[in-house]
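Trainee: I'd like to go through this model with you, one question at a time. Let's start once we both have it on screen.

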Amino acid sequence: MPNVEASLPTAAPRVVPGNLRGRLETQAAKAGISDAASNTWSATLAAATVAGAAAWRAGQRRGKASRARPVALRVATLDRPATTEREDVRNIAIIAHVDHGKTTLTNALMKECGMQETKSMDSNQLEQERGITILAKNASVTYKGIKVNIVDTPGHADFGGEVERILNMADACLLLVDAQEGPMPQTKFVLRQALKLKKKLIVCINKVDKPASRPDWVLDTTFDLFASMGADDETCDFPVVYASGFNGVSSRDSPDKLEEDLKPLLDTIIEECPPPKVDAEAPLQMLVSNLDYDDYVGRICIGRIVSGSIKVGSPVSMMFGEDGKMREATVSKLWDFRNNERSETEEVKAGDICAFAGTEDVQIGDTVVDKNDPRPLPPIIVEEPTVAMEFSVNKSPYAGKAKESTKVTTPAIKARLEKECMTNLALRLEPSASETFVVKGRGTLQLGILMENMRREGYEIMVSAPKVLLRENQDTGKTEEPVEEAIIECPNQHQGTVMEEMQKKGATMLDMQAAAVDDATVYKFSIPTANMIGMQGILLKKCSGEAMVNSVFSHWQETDGKRIRLREKGSIATTATGKVTAYQLRNMNGRGIFFVGAGEEVYEGQVIGQNGKAENLECNITKEKAVSNVRATATALIVNVAPPQVMGLDDYLGFMDTDEILEVTPVALRLCKANSKALKAK
């Protein structure tokens with residue numbers, strides 16, 4: 001026998017798909033191999049294992065050209081099966097990290113299936129301005145006579161609650177991974193949720209048309225991510241599709257052999273996504289996963305029918321869990337989804353996703369049941385929030401003076417917050433002191449989006465600085481704080497800046513590797529959530545806008561009780577109420593950066609800028625030049641003042657300290673000290 005051990009490779013693969021070693025050992029036992037040949041058999045076994053793993057990875061890169069779902073053989077019987085499969089429907093959710101191309105790919109799929117006028121899924125005004133998906137949305141396409149319901153989900157970690165509740169409507173998930181960036185923090189979060197619900201997973205390596213794309217490396221790191229999260233062998237053997245949603249091309253074989261359309265991706269979805277299993281004879285069951293509102297028909301419930309069917313005019317009931325109270329209603333309007341619009345229909349059967357109106361007393365997590373045979377489903381459970389802010393009525397001297405401000409009272413603010421918490425399971429609302437409400441969420445971006453929507457609707461509010469929520473460990477009794485995993489990509493010239501700023505915040509470096517583009521590096525840090533607040537703005541400023549910062553909740557750890565300053569430099573506050581003068585701005589020009597310009601109205605205690613030093617600074621920014629009988633020269637009349645720094649809502653949330661509150665109105669944003677006398681006088 002040839003010397004097999006001499007030809008063995010020096011290193012074995014990290015993960016062996018398909019449990020090859022176990023299958024080979026079983027075959028050896030059946031063959032009756034003796035102990036004398038154990039050494040030779042071990043060598044042969046190792047070689048076969050390495051070869052098998054290499055063949056698997058090679059097969060994944062080539063794609064699976066004919067991955068057809070096996071057809072079960074049926075035998076005629078007198079007993080009717082309890083459940084059947086709807087071969088004419090597929091339900092799939094698109095999940096990914098932010099800006100990996102979910103919405104663009106969804107729009108391309110609708111165009112591929114014959115939609116004449118492509119209407120973007122991101123129809124919300126804030127979504128179009130920021131270029132991100134904030135709310136999960138439903139759409140559908142018809143391909144080869146099969147209706148494919150598509151759920152587009154947000155990619156940012158702060159909107160993870162949308163992903164958690166929306167996955168209940170899908171039978172499979174299309175995991176998009178950027179061909180250049182690879183798996184990112186939110187990729188891990190959405191993959192963990194899909195694995196928890198045991199959803200079928202299809203991997204789509206998107207944006208392969210990028211000049212710096214590296215699909216082979218992305219495929220390997222995606223497989224490693226599956227393995228590190230404990231996915232079984234069948235799940236790790238995921239189908240792979242290469243695509244460019246922007247150009248509308250895809251391939252199941254190789255990123256270098258792209259076809260001129262997205263049919264390979266659609267074929268993969270039809271073959272790999274399991275058809276919904278339904279029981280048409282069972283009573284009605286539909287889990288409400290989303291809510292909408294229409295001025296004419298009222299509240300609209302959106303969800304997937306698990307069993308039974310819904311018809312217009314039929315009586316239904318609502319229950320929240322097994323112990324919930326039954327609430328009756330009548331279906332007044334019924335819709336299914338065609339492309340990214342709702343289409344009225346008379347009946348929707350089990351396995352499909354629909355929307356209906358006819359009840360106001362409903363919340364996400366309710367089960368629509370048959371009142372004669374109620375069988376409620378388990379309610380939707382999402383992860384707990386990590387950040388809290390206090391919302392209160394505006395108490396500034398300028399409260400209610402803008403004509404755009406139409407909702408300034410405490411009852412109006414309370415009603416709006418309760419409405420938001422009803423449709424967003426990741427938010428929590430708790431009443432606090434008089435005219436104050438504590439709102440808990442996943443991050444400052446999620447709470448900032450809520451504030452931006454409220455100010456555009458005419459609300460005036462005051463909010464406190466973000467505060468990280470702590471918890472008590474039930475086993476040890478010790479206090480724990482949330483920790484995030486942060487991924488930062490920036491040019492090599494800013495490496496020292498990133499290291500220095502993250503070290504100041506108590507971050508721990510986990511990994512550092514070269515980025516896909518030249519002269520750039522990707523850093524991975526573990527950092528407490530309390531110290532991560534405002535870091536995106538700091539790094540963007542320090543790295544000349546070239547840093548890309550992403551973070552996601554990682555775990556809970558015991559807090560050390562140490563408080564790190566949210567910002568290094570102090571603030572500049574005015575001591576008088578009035579208009580800002582160019583004369584005083586010129587005198588204070590070298591003391592720091594100002595957020596206000598000449599002629600703007602300010603009040604006592606308002607923060608008007610950032611000091612150049614660590615301590616806070618007070619000044620009378622409304623001071624005017626003293627009038628005298630001495631004639632001024634022509635040069636003295638010219639006042640050169642630096643333009644103010646424009647601060648948005650996200651900028652203020654990252655800048656404000658714990659002793660400051662932010663005034664949010666439809667026309668202006670003002671930061672002030674919480675102990676300002678102007679607020680107390682109101």
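Trainee: Which residues in α14 do Thr497, Val498, Glu501 and Met502 in α12 meet?

Mentor: Some ground rules: helices (H or I, at least four residues) and strands (E, at least two) are DSSP runs, numbered from the N terminus. Contact means heavy atoms within 4.5 Å. By that test, the four α12 residues you name, Thr497, Val498, Glu501 and Met502, meet Met535, Ile538, Leu539 and Lys542.

Trainee: Before we go on, which pLDDT do side-chain atom pairs need in order to count?

Mentor: Residues are numbered from 1 along each chain as its sequence is written, and side-chain values use heavy atoms, leaving out hydrogens and water. This is a predicted model, so to speak with limits attached: totals for chains, interfaces and linings use all residues, local features need pLDDT of at least 70, and side-chain atom pairs count only at pLDDT 80 or more.

Trainee: Back to the helices: at what angle do α12 and α14 pack, and are they roughly parallel or antiparallel?

Mentor: Axes are lines fitted to C-alpha atoms, for helices over the stretch in contact, and angles run from 0 to 180 degrees between N-to-C directions. Helix α12 (residues 495-504) and helix α14 (residues 535-542) have axes 10 Å apart and an angle of about 150 degrees. Angles under 35 degrees count as roughly parallel, over 145 as roughly antiparallel, 65 to 115 as roughly perpendicular and the rest as oblique. So the α12 and α14 pair comes out roughly antiparallel.

Trainee: How many salt bridges are there in the whole structure?

Mentor: Side chains of opposite charge can pair when their charged atoms come close. The cut-off is a side-chain nitrogen of Lys or Arg within 4 Å of a carboxyl oxygen of Asp or Glu. Searching the whole structure that way, the number of salt bridges is 32.

Trainee: Asp336 and Lys147 form a salt bridge. How many residues apart in sequence are the parts they tie together?

Mentor: The closest N and O atoms of Asp336 and Lys147 are 3.8 Å apart. Asp336 sits in strand β15 (residues 333-338) and Lys147 in strand β4 (residues 146-152), so the sequence separation of the parts they tie together is 189 residues.

Trainee: In the salt bridge between Glu87 and Arg90, which residue is buried?

Mentor: Their side chains meet at 3.5 Å, N to O. Glu87 is partly exposed, at 39% relative accessible area.

Trainee: What is the bridge partner of Val288 in β11?

Mentor: Strand β10 (residues 285-294) and strand β11 (residues 298-307) run antiparallel and are joined by 9 bridges. The two form a hairpin with 3 residues between them, and Asp294 stands opposite Gly298. Val288, for its part, is bridged to Gly303.

Trainee: Why is β11 largely enclosed, and how many of its residues are buried?

Mentor: On another side of the story, β11 also pairs with strand β18 (residues 353-357), antiparallel over 5 bridges. There, the bridge partner of Arg304 is Ile353. β11 is largely enclosed by the rest of the structure because its buried residues number 9 of the 10.

Trainee: One more: what relative accessible area does Lys207 have?

Mentor: Lys207 is in the loop between β6 (200-206) and α7 (215-228). Leaving aside residues up to four places away in sequence, Lys207 touches Asp99, His100, Gly101, Asp178, Ala179, Ser213, Ala243 and Ser244. Lys207 counts as buried, and its relative accessible area is 18%.

How values were computed: Buried means under 20% relative accessible area, exposed over 50%, partly exposed in between (1.4 Å probe, protein chains only). Two strands pair if DSSP finds at least two bridges between them.
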